[in-house]
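Let's take a walk through a protein model together. Have a look at the sequence and the 3D view first, then read on.

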Amino acid sequence: MTDAVDSFLAQWQRERPEMEASPMGVVGRLSRSSRLVEHEIRDYFAGEGMESWEFDVLATLRRSGPPYTLTPKDLVARTMVGSAAMTNRVDRLVSKELVTRETDSANRRSILITLTAKGHEVVERVVDGHVANAARLVADLEPTEREELDRLLRKLLVSLGDTGAA
């Protein structure tokens with residue numbers, strides 16, 4: 001079984017046989033996999049009438065547990081987007097009545113973003129399909145292969161500083 005990256009590596013082997021190009025194979029496959037998976041995820045969410053970033057914010061609030069409220073700073077940390085982008089995203093979700101933005105009564109300098117009942121309904125409706133779509137995307141891997149890939153990707157992410165401290 002070969003993929004497009006194999007042909008790129010073969011070309012480098014032909015042109016630069018002294019170069020150890022295998023790290024490019026790993027990074028190239030990660031990059032190509034990421035683009036293909038993101039495309040499939042975008043298509044799924046488009047079919048649900050939403051953007052993937054909308055689900056990301058709603059799901060982050062939902063999995064935070066009751067009362068499904070986070071500060072913008074917490075949302076930024078848990079979704080890996082900048083604060084300006086998060087402000088824009090929250091504005092759009094507020095306009096769709098999927099979240100509320102309120103001043104924290106315990107700390108007037110703090111803002112709280114809360115999942116509305118409508119937002120909760122949307123995320124609950126969409127999450128099962130999202131999980132099924134993810135399962136479809138990795139269906140050709142045996143369970144032990146998925147576990148090993150998961151372990152290796154976690155190791156790589158931690159080595160790159162993605163420690164999930166949020």
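Tyrosine 68 lies in the loop between helix 3 and strand 1; helices (H or I, at least four residues) and strands (E, at least two) are DSSP runs, numbered from the N terminus. Before going further, note that this is a predicted model, in which local features need pLDDT of at least 70 and side-chain atom pairs count only at pLDDT 80 or more, while totals for chains, interfaces and linings use all residues. Residues are numbered from 1 along each chain as its sequence is written, and side-chain values use heavy atoms, with hydrogens and water left out.

Most residues other than glycine have a negative phi, and most peptide bonds are trans. With a relative accessible area of 19%, tyrosine 68 is buried (buried means under 20% relative accessible area, exposed over 50%, partly exposed in between, with a 1.4 Å probe and protein chains only). The loop between helix 3 (52-63) and strand 1 (69-70) also holds proline 67, and a cis peptide bond with omega of about 5 degrees joins proline 66 to proline 67.

Glutamate 97 is not a glycine either, yet has a positive phi of about 60 degrees. You'll find glutamate 97 in the loop between helix 5 and strand 2 (99-104). Is glutamate 97 buried or exposed? At 54% relative accessibility, glutamate 97 counts as exposed.

## Helices that meet

Two packed helices are described by the angle between their axes and the distance between the axes. Here, axes are lines fitted to C-alpha atoms, for helices over the stretch in contact, and angles run from 0 to 180 degrees between N-to-C directions.

Take helix 2 (residues 22-47) and helix 6 (residues 117-137): their axes are 10 Å apart, at an angle of about 150 degrees. That makes helix 2 roughly antiparallel to helix 6 (angles under 35 degrees count as roughly parallel, over 145 as roughly antiparallel, 65 to 115 as roughly perpendicular and the rest as oblique). Among the residues making the contact are Glu40 and Tyr44 of helix 2 and His130 and Arg136 of helix 6, where contact means heavy atoms within 4.5 Å.

Now for helix 4 (residues 72-79) and helix 5 (residues 83-95), whose axes come within 10 Å and cross at roughly 110 degrees. Helix 4 is therefore roughly perpendicular to helix 5. Pro72, Leu75, Val76 and Thr79 of helix 4 touch Ser83, Met86 and Val90 of helix 5.

## Charged partners

Side chains of opposite charge can pair when their charged atoms come close. How many salt bridges does the structure hold? There are eleven, a salt bridge being a side-chain nitrogen of Lys or Arg within 4 Å of a carboxyl oxygen of Asp or Glu. Here are some of them:

| Salt bridge | Closest N and O atoms |
|---|---|
| Arginine 136 and glutamate 40 | 2.7 Å |
| Glutamate 54 and lysine 96 | 2.5 Å |
| Arginine 101 and aspartate 91 | 2.4 Å |

Glutamate 54 counts as buried at 2% relative accessibility, whereas lysine 96 is partly exposed at 38%. Both arginine 101 and aspartate 91 are partly exposed, each with a value of 37%. Finally, Asp3, Asp6 and Arg29 are linked in a network of salt bridges.
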